[in-house]
Amino acid sequence: MMKRLKNEASSVRRFKLSYILLGLAAFYLILICVKFPEFLESATALSGDAAAADVALDVEDDGGESSSGFHNNLSQYALVTPQEEENENGVLPHKKPRKLHYGRITAAIMKQQNMERNLSVLDRMADEAWTLGSKAWEELDKYEEKGIEMNSILEGKPESCPSWVSTSGAQLAKTDQLMFLPCGLAAGSSITLIGTPHYAHHEYVPQLAKTRAGDALVLVSQFMIELQGLKSVVGEDPPKILHLNPRIRGDWSHRPVIEHNTCYRMQWGTAQRCDGLPSKYDDDMLVDGYLRCEKWMRNDIVDTRESKIFSWFDRFIGRAKKPEVTWPFPFVEGRMFILTIRAGIDGYHINVGGRHVTSFPYRTGFTLEDATGLAIRGDVDIHSVYATSLPTSHPSFSPQRVLDFSEKWKSPPLPQNRIQIFIGVLSATNHFAERMAIRKTWMQASAIKSSDIAVRFFVALNPRKELNAILKKEADYFGDIVIVPFIDRYELVVLKTIAICEYGVQNVTAAYIMKCDDDNFVRIDAVLREIQRVPPRRSLYMGNLNLLHRPLRTGKWAVSFEEWPEDVYPPYANGPGYIISSDIAKHIISQYRNRSLRLFKMEDVSMGMWVEKYNSSTPVQYSHNWKFCQYGCMEDYFTAHYQSPRQMFCLWNNLLKGKAHCCNF
């Protein structure tokens with residue numbers, strides 16, 4: 001009896017197990033059937049089938065070097081290469097643009113694998129930017145098909161603005177202490193603030209901990225009033241056209257001071273400091289007839305010109321003493337003040353309590369109409385702000401103000417012969433003034449005009465379709481813009497660098513490829529001479545090199561340990577301007593196409609990684625020179641960074657005079 005029951009139990013177990021296995025097999029077959037089309041599509045995309053993988057738009061070429069379509073931007077350019085034969089009439093044949101192969105960020109791959117693979121944050125950003133870029137280009141086509149007059153967009157209607165604006169402290173707090181000045185300022189405009197400085201508070205100063213015996217706490221009370229250029233650059237810190245910084249407790253020295261300065265793309269000018277001593281009273285130092293710094297009372301200064309003896313003698317002979325008015329420092333903790341900033345002919349004039357305190361001359365690179373924002377920060381309570389005598393229109397908001405559609409600024413076609421350097425300039429969609437300034441200055445160098453050097457701007461798309469429409473108009477006219485097909489963002493600048501390498505390898509035959517930013521002024525003759533010092537046919541990586549640079553773990557440029565686990569970066573050249581030889585560029589493109597190129601969100605560090613990898617098999621000459629300036633300008637520079645369009649014109653005028661002098665203050 002027991003034996004039969006065991007046999008029955010065994011047969012039941014075999015029966016259930018076989019059904020479970022059959023069920024699993026059936027489920028597996030169903031899963032394969034469901035997933036097979038997705039697998040086939042991804043495999044087709046990875047194999048390079050343009051018909052199935054690419055989502056780039058098929059933009060028709062006009063027979064010339066069109067720089068405004070997707071087809072000529074990264075891997076497969078529509079541009080006719082020098083190797084192609086001419087037709088019977090000696091004219092290069094019309095070539096239908098090929099579809100774009102975008103390697104690691106091909107949308108067909110990303111859409112299928114984003115949720116299935118552990119992609120990096122950068123890959124996901126690239127996928128999103130690619131998808132949005134495709135939509136932006138489609139919208140641009142529809143935007144133009146509606147028959148909208150491009151001339152009306154370019155010319156722009158003068159913006160109507162009020163002649164005065166005001167706000168209360170409560171309203172200012174809701175806008176993050178930022179007041180909008182619709183059309184900027186004009187000569188005669190004035191801004192009046194009523195506020196009360198806070199009482200001093202303790203701050204820890206690490207620098208003092210090294211010099212003082214454990215006492216690094218200081219009392220601080222200071223605030224900043226800044227005129228900013230809010231409409232000049234989108235997505236970047238606005239330029240500080242006027243930085244006014246009263247320090248009631250001084251620089252931790254208990255001596256009050258007022259500092260003035262300007263800042264353009266993180267590049268500060270030379271500070272003007274008023275510390276209670278009057279400035280020089282001569283024509284070169286005066287601003288509209290006013291002293292730059294007025295005198296106020298200081299306890300640490302003794303007037304040695306008059307002793308008690310001379311004072312008694314003057315009274316004895318009856319000579320009248322000239323009255324001298326002395327004023328205290330204009331800001332006191334906990335006491336209300338009325339401050340007025342007035343725009344004069346030569347500079348800004350600051351009055352406090354009805355008395356002139358300081359004047360700050362205008363500086364190259366900034367104009368009154370650019371001052372479209374008033375920002376207030378620090379230890380102060382603002383009760384109200386009034387801005388009067390403001391301009392009622394601002395024509396410079398139209399790109400027509402800076403886009404000079406003249407034949408002489410057009411770029412010549414890409415040379416068919418071998419050239420020395422191909423320069424790729426990274427630019428943003430709305431940097432019309434920056435690109436125009438480059439066209440009118442260092443792009444007029446003789447080496448560029450004679451086609452020994454070629455220059456192209458690399459620009460991504462903007463979420464605003466009207467900006468993309470103007471960009472396309474600009475690209476079609478000047479012929480020097482390559483539009484890369486994704487929505488622009490800082491983390492994806494590395495993709496523009498790859499585009500520069502690929503364009504330099506495929507569309508031109510250049511010995512060297514240079515990457516720079518659109519706020520970088522390039523001294524073409526000096527760069528050429530520096531390259532000629534390098535032995536020919538030697539791999540080259542040239543720029544302002546960083547050695548043993550440690551990654552930042554906090555702040556705007558923070559890098560996590562997942563992104564870069566090592567303590568130091570490989571040697572890399574600072575991003576504003578560096579040069580690589582063409583063999584390195586070919587290696588980068590080869591690695592990119594087979595998807596073995598490591599992408600990093602900081603493009604200059606990425607280039608250092610790629611060059612280091614290439615150097616492991618082929619010796620590379622690392623050439624360092626401080627004259628590829630990272631911050632600002634230095635005498636006899638090769639490149640000058642953080643130069644505004646106006647500063648570029650100043651630098652170019654200096655070069656025409658035979659002097660490589662800076663225009664920084």
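Which residues do ring pairs link into a cluster? They are F223, W296, F329, F331 and F337. Here, rings of Phe, Tyr and Trp (its six-membered ring) pair if their centres lie within 6.5 Å; planes under 30 degrees apart count as stacked, over 60 as edge-to-face and the rest as tilted.

A word on what you are viewing: this is a predicted model, where local features need pLDDT of at least 70 and side-chain atom pairs count only at pLDDT 80 or more, while totals for chains, interfaces and linings use all residues. Residues are numbered from 1 along each chain as its sequence is written, and side-chain values use heavy atoms, leaving out hydrogens and water.

The structure holds 21 aromatic pairs, and two of them are set out below.

| Pair | Centre to centre | Angle between planes | Class |
|---|---|---|---|
| F405 and Y477 | 5.0 Å | 80° | edge-to-face |
| W564 and F600 | 6.3 Å | 65° | edge-to-face |

W564 and F600 link distant parts of the chain, 36 residues apart. Both are buried (under 20% relative accessible area; exposed is over 50%, partly exposed in between, with a 1.4 Å probe and protein chains only). F405, by contrast, is partly exposed at 25%, and Y477 is partly exposed at 23%.

Charges meet rings too: R439 lies over the face of F478, 4.0 Å from the ring centre, and the charged end of R553 sits over the ring of F561, 3.9 Å from its centre. This requires NZ of Lys or CZ of Arg within 6 Å of the ring centre and within 35 degrees of the ring normal.

Notes. Helices (H or I, at least four residues) and strands (E, at least two) are DSSP runs, numbered from the N terminus.
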